[in-house]
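Visitor: I would like to learn how to read helix packing, chain contacts and sheets in a model.
Guide: Let us look at the model together and take these topics in turn.

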Amino acid sequence: MDYFIELLFGGLTRGSIYALIALGYTMVYGIIGLINFAHGEIYMIGAFTSFIVATVLSIYGFPLLAIVVIAALAAAVWSSAYGVTIEKIAYRPLRHAPRLSPLISAIGMSIFLQNYVLLAQTSDFLPFPALIPEFAFMEPVAHIVGSSDLVILITTTLVMFALTLLIKFTRIGKAMRATAQDRTMAMLVGINVDRVISATFVIGSALAALGGMLIASHIGQINFYIGFLAGIKAFTAAVLGGIGSIPGAVLGSLVLGLTESFATGYVSSDYEDVFAFSLLVLILIFKPSGLLGKAETKKV
Amino acid sequence: MQSGLKKKLFVAALALGFAMAVPGAVVAGDTIKLGVAGAQSGDLASYGLPTVKAAELVVAQYNAKGGINGKQVELLVEDDVCKPEVATNSATLLVTKGVDVVLGHICSGATKAALPIYKEAGVVVMSPSATNPDLTQSGDYPNFFRTIASDDAQAKTEVDFAINTLGAKKIAIIHDKGDYGKGLAEFAQSFVEKSGKAEVVLFEGVTPGAVDYTAIVQKIKRFDADAVIFGGYHPEASKIVSMMKKKRMNIVFISDDGVKDDTFIKVAGENAEGVYASGPQDNSKNPLSAASIEAHKAAYNADPGAFYENAYSAALALLNAIEKAGSTDMAAVVKALQTEKVDTPVGNIYFDEKGDAVGVGFAMYQVQNGQYVEVKN
């Protein structure tokens, strides 16, 4: 039973990690119907930004809490800037092109950003400082769920609720939903669609940056390539949950994380990915739009 | 036609070999012919050319001293491009030219293809770089020796250390699904099983680059392993080691020279303390190693390339064996290689009955105070 609980928490943490990245995928898809393959790289850039800021601040002897807050803000701002810029130069000019064109552009952006960080930084793995301390009150259960697991779980939950509130009850949220439903009509009723799309990229990128910082602190190392696998897994989770749906992204991530954790625990880690992707195939066969996705209406 | 020619050449070569084996009856001139075969052109030339240079330097050194038992040493260099089909030709050519001993070949595949030809001709072959375990362990080639550890030697070092030095009884073997890591893990598994003193409680691969290794770490704990042998590289190793510390586990972690890298210590930080890793033996304190490198720099004004020290050692071992045996007869040379210790850049070595150099190979290191320190087993 202990073992089951250990795997359960391991799976929830892993799922929450995926969720922080998957939210960005799903938001962008919901608004402009584009799979933003460069999103994993935004996550990686967020991790690098927080790494640099945190390292500099710790040299000047800032307290840990201040380092975490400033590094998170800096990463969010910097990554958002990248997200918006990518949208402006790589996706906006292709908005009326066939759907495949922005997709290819996204893949190109992803490769470009990876190599850009490789050249601008280093190809080595860098040690990421432990930004989340070991809380004393967690010590009795540390062998099951650690402090960083707890922080990741709480952060993901808070982020999901905040996002839901934002989209349901605020002006920009309403504009987002309108743009998602029908971009032309939204424009006709006076919504600045470009601004709505930019806002979506800002929010998605900031979340990815936050995720990048937390996850890098959790695993203790970064390099230019971390965005690739994390991005693929988060994308899978978003599709699993129903791409375009925010609760779906979180649910899909948790399902994926738990599946991987239990597959490793009870079968073999050799088959971890086999189970994860078999699950994806099964769900898409029976529910092509994902767990919580809406069936897509053809826009003529 | 071709096989007929080969046969003729062969007979000639055999006749030559026999003639030379008879003491006193010196037919083929007054030189000892050291063949050097390996890749000297093509993609893998950088693996083979340092061997030629090593042989040239050693031969020059011997000849300056007056040769072996009064005979000068002559070099016969053949290029096999690391291709098995070319290697058989080079071997035949060398045998035809009356080669006495061969330094080479470089690649395992080419070596394997050439060995039967040398075996029939009664020529001792010593490779500085062919690491395929079967070359020696199959017992098919009594004329084959090497001055490099075989592919499975590293796994053997790790398993011996875990079982005999640390007394581990339950071993979890984890790998990164890559050629290097998985290969090593499979060798380790078979050595643990063969030892009979410990059991493999877990054998699994992890996905490199995954965001989280909690599940596999919990599994190691569940199977109550008292040592983990990891085959792979440092990024995964440091994630697993850190996660084990986070889950308050205190299990011995043993890994390979993919982890015996300062980056591992840098990335894993305090979590790296106490981790064991196997790595090639350190020759830097051996004066002969320094001397061989100096000789290369003096002659070629450049740093030596791949397998240079192994090749230098092999050339020394071969010529030393001929000198001690007083003949180039295969049985006598083999006996000398197995009994006469020789000082070489890779250490004071001799060869076991299968042909692997004793005293060449891997050592265990442990991270102590942020540095890898050699530990004795």
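This is a predicted model: local features need pLDDT of at least 70, side-chain atom pairs count only at pLDDT 80 or more; totals for chains, interfaces and linings use all residues.

Visitor: How does one read a pair of packed helices, and what is the angle between α1 of chain A and α9 of chain A?

Guide: Two packed helices are described by the angle between their axes together with the distance between those axes. In chain A, helix α1 (residues 2–32) packs against helix α9 (residues 226–241) at an angle of about 70°, and the two axes are 8 Å apart. Angles of 65 to 115 degrees count as roughly perpendicular, which makes α1(A) roughly perpendicular to α9(A). The crossing of these two helices, α1(A) and α9(A), is right-handed.

Visitor: Which residues make that contact between α1(A) and α9(A)?

Guide: From α1(A) come Y18(A), I21(A), A22(A), Y25(A) and T26(A), while α9(A) supplies A230(A), G231(A), K233(A), A234(A), F235(A), A237(A) and A238(A). Sorted by class, the contact of α1(A) with α9(A) has 9 nonpolar, 2 polar and 1 charged residues.

Visitor: At what angle do α3 and α4 of chain B cross?

Guide: Helix α3 (residues 84–96) of chain B and helix α4 (residues 108–121) of chain B have axes that come within 8 Å and cross at roughly 30°. Angles under 35 degrees count as roughly parallel, and α3(B) and α4(B) are therefore roughly parallel to each other. Their crossing, that of α3(B) with α4(B), is right-handed. Among the residues that make the contact are A87(B), S90(B) and A91(B) of α3(B), along with A110(B), A113(B) and I117(B) of α4(B). By class, the residues of the contact of α3(B) with α4(B) divide into 10 nonpolar, 4 polar and no charged.

Visitor: How many residues of chain A are in contact with chain B, and which elements do they come from?

Guide: On one side are 28 residues of chain A, and these are in contact with 25 residues of chain B. On the side of chain A that touches chain B, the elements giving two or more residues are α1, α8 (193–219), α9, α10 (246–267) and α11 (272–286) of chain A. The largest share of that side, 7 residues, comes from α1(A). By class, the side of chain A that touches chain B has 11 nonpolar, 11 polar and 6 charged residues.

Visitor: How should I read a sheet, and in what order do its strands lie in chain B?

Guide: In a regular strand the side chains alternate between the two faces of the sheet. In chain B, 3 strands form an open sheet in the order β11-β12-β13, with antiparallel pairing. Strands β11 (342–344) and β13 (357–358) of chain B stand at the edges, each with a single partner strand, so one side of each has no neighbour in the sheet. Between β11(B) and the antiparallel strand β12 (residues 347–351) of chain B there are 3 bridges, and D343(B) stands opposite N348(B) in β12(B). Helix α12 (residues 308–325) of chain B packs on this sheet, touching β11 and β12 of chain B, and its direction makes about 160° with that of β11(B).

Visitor: What phi does N369(B) take in the hairpin of β14(B) and β15(B)?

Guide: Strands β14 (residues 362–368) and β15 (residues 371–375) of chain B pair in the antiparallel sense over 5 bridges, with V367(B) opposite Y372(B) in β15(B). The hairpin has 2 residues between the strands, and N369(B) takes a positive phi near 50°.

Visitor: Where do the domains of chain B lie along its sequence?

Guide: Chain B is divided into domain 1 (2–148 + 285–358) and domain 2 (153–274). The centres of domain 1 of chain B and domain 2 of chain B, taken over C-alpha atoms, are separated by 38 Å.

How values were computed:
Residues are numbered from 1 along each chain as its sequence is written. Chains are lettered from A and ligands numbered from 1 in the order in which they are written. Domain bounds come from an automatic or database domain assignment. Axes are lines fitted to C-alpha atoms, for helices over the stretch in contact, and angles run from 0 to 180 degrees between N-to-C directions. Helices (H or I, at least four residues) and strands (E, at least two) are DSSP runs, numbered from the N terminus. Angles under 35 degrees count as roughly parallel, over 145 as roughly antiparallel, 65 to 115 as roughly perpendicular and the rest as oblique. A crossing is left-handed if the near helix is turned anticlockwise from the far one by less than a right angle, and right-handed if clockwise. Two residues are in contact if their C-beta atoms, placed from the backbone, lie within 7 Å. Ala, Val, Leu, Ile, Met, Phe, Trp, Tyr, Cys and Pro count as nonpolar, Asp, Glu, Lys and Arg as charged, and the others, Gly among them, as polar. Two strands pair if DSSP finds at least two bridges between them.
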